[in-house]
Structure formats: structure tokens, C-alpha cells
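Work through the exercises below with the sequence and the model open. Each task is followed by a solution in steps.

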Amino acid sequence: METSTIHPELVAFCGLYCGECGKFKNQKCPGCAGNEKATWCGIRRCNLEHKYTSCADCQEFSDPMACGKYNNFISRVIGFVLRSNRAGGIERIKAVGREKYAAEMASLGRQSVKR
């Protein structure tokens with residue numbers, strides 16, 4: 001896929017933008033939505049069960065950090081290592097929508113909102 005094309009479907013359920021991920025770009029990962037092997041991911045499973053496009057659609061938790069599936073030890077470690085603010089991504093998706101968020105991340109060349 002071209003990086004100059006906007007792909008809102010590449011916004012992961014947790015707020016990362018797969019379109020700017022090195023593994024996705026090198027075709028070593030299908031992206032969140034297409035990764036059927038990611039059965040370990042509680043965030044993905046919850047979003048699929050509720051038919052959400054991302055945690056921004058969640059009606060139960062206005063703050064994703066209040067959700068135990070979203071804010072768990074593994075996600076905190078990943079956020080620390082990647083220096084990402086996934087919750088900031090969810091807030092941005094709520095504010096501007098998936099398409100504009102994907103456009104912003106693609107234009108910045110980032111897979112997440114920085115801390």
C-alpha cells in the first residue's frame with residue numbers, strides 16, 4: 001500500500017495507526033483488523049464483539065485508561081517501549097474521526113500520538 005494514501009481501516013482498535021508501522025510496511029503484519037492470529041489481544045476481541053471500529057466507539061468507558069482490557073500491564077509496557085500515547089490516539093479519534101486521524105498519522109509518519 002502507498003503511504004500517501006489515507007487508510008482509515010488501518011487505525012487499530014487501540015488507537016495505533018498500522019499504516020505507519022514498520023512491520024506492516026514490510027508486509028510482516030497484516031495490521032490489527034486483519035490479524036486473526038492476535039487472539040491474545042483483549043482489546044481486539046472486545047472491539048470485534050461489540051462491533052466497534054476502535055475503543056473510541058466504546059460507550060462503557062469514556063476514558064480508555066479506566067478499562068482493564070485497554071490499560072493492562074502488557075499495554076503499558078508496549079506504550080513505554082514505543083513511547084506512544086494510545087489513549088491520546090483514542091481521544092483524537094473521538095475529536096476528529098478515524099479518517100482525519102489516519103490522515104494526520106500518515107502525514108506525520110507516526111503510528112501513534114507521542115507522549
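**Exercise 1. Locate Ser54, decide whether it is buried or exposed, and list its contacts.**

Step 1. Ser54 sits in the loop between helix 2 and helix 3; helices are DSSP runs of H or I with at least four residues, numbered from the N terminus.
Step 2. The model is predicted, so local features need pLDDT of at least 70 and side-chain atom pairs count only at pLDDT 80 or more, while totals for chains, interfaces and linings use all residues. Residues are numbered from 1 along each chain as its sequence is written, and side-chain values use heavy atoms, with hydrogens and water left out.
Step 3. Buried means under 20% relative accessible area, exposed over 50%, and partly exposed in between, with a 1.4 Å probe and protein chains only. Ser54 counts as buried because its relative accessibility is 0%.
Step 4. A contact means heavy atoms within 4.5 Å. Leaving aside neighbours within four places in sequence, Ser54 is in contact with Ala12, Phe13, Asn47, Ile90 and Ile93.

**Exercise 2. Describe the largest pocket by volume, lining and residue class.**

Step 1. On a 1 Å grid over the protein atoms alone, a pocket is an open set of points where a 1.4 Å probe fits, with protein on both sides within 12 Å along at least five of seven lines; lining residues have an atom within 4 Å of a point.
Step 2. The volume of the largest pocket is about 730 Å³, where volume is the space filled by probe spheres set on the points, and points are joined across faces, edges and corners.
Step 3. The lining of the largest pocket has 29 residues, and those nearest its centre are Cys14, Leu16, Trp40, Cys41 and Ile78.
Step 4. By class, the lining of the largest pocket has 18 nonpolar, six polar and five charged residues. Here Ala, Val, Leu, Ile, Met, Phe, Trp, Tyr, Cys and Pro are nonpolar, Asp, Glu, Lys and Arg are charged, and the others, Gly among them, are polar.
Step 5. At least two lining residues of the largest pocket come from each of helix 1 (22-25), helix 2 (42-50) and helix 3 (73-82). Helix 3 gives the most, four residues.

**Exercise 3. Which residues of helix 5 are buried, and what do they pack against?**

Step 1. In helix 5 (residues 98-108), the buried residues are Tyr101, Ala102, Glu104, Met105 and Ala106.
Step 2. An α-helix has 3.6 residues a turn, so residues three or four places apart point the same way.
Step 3. The buried residues of helix 5 pack against helix 4 (86-96).
Step 4. After helix 5 comes Gly109, with a positive phi near 70°.

**Exercise 4. Where are the non-glycine residues Lys51 and Arg83, which have positive phi, and are they buried or exposed?**

Step 1. Lys51 is not a glycine, yet its phi is positive, about 60°. Lys51 belongs to the loop between helix 2 and helix 3 and is exposed because its relative accessible area is 73%.
Step 2. Arg83, also not a glycine, has a positive phi of about 55°. Arg83 lies in the loop between helix 3 and helix 4, and with a relative accessible area of 64% it is exposed.
Step 3. Arg83 is touched by Lys114, which also touches Asn85, not counting residues up to four places away in sequence. Lys114 is in the segment after helix 5 and counts as exposed at 54% relative accessibility.
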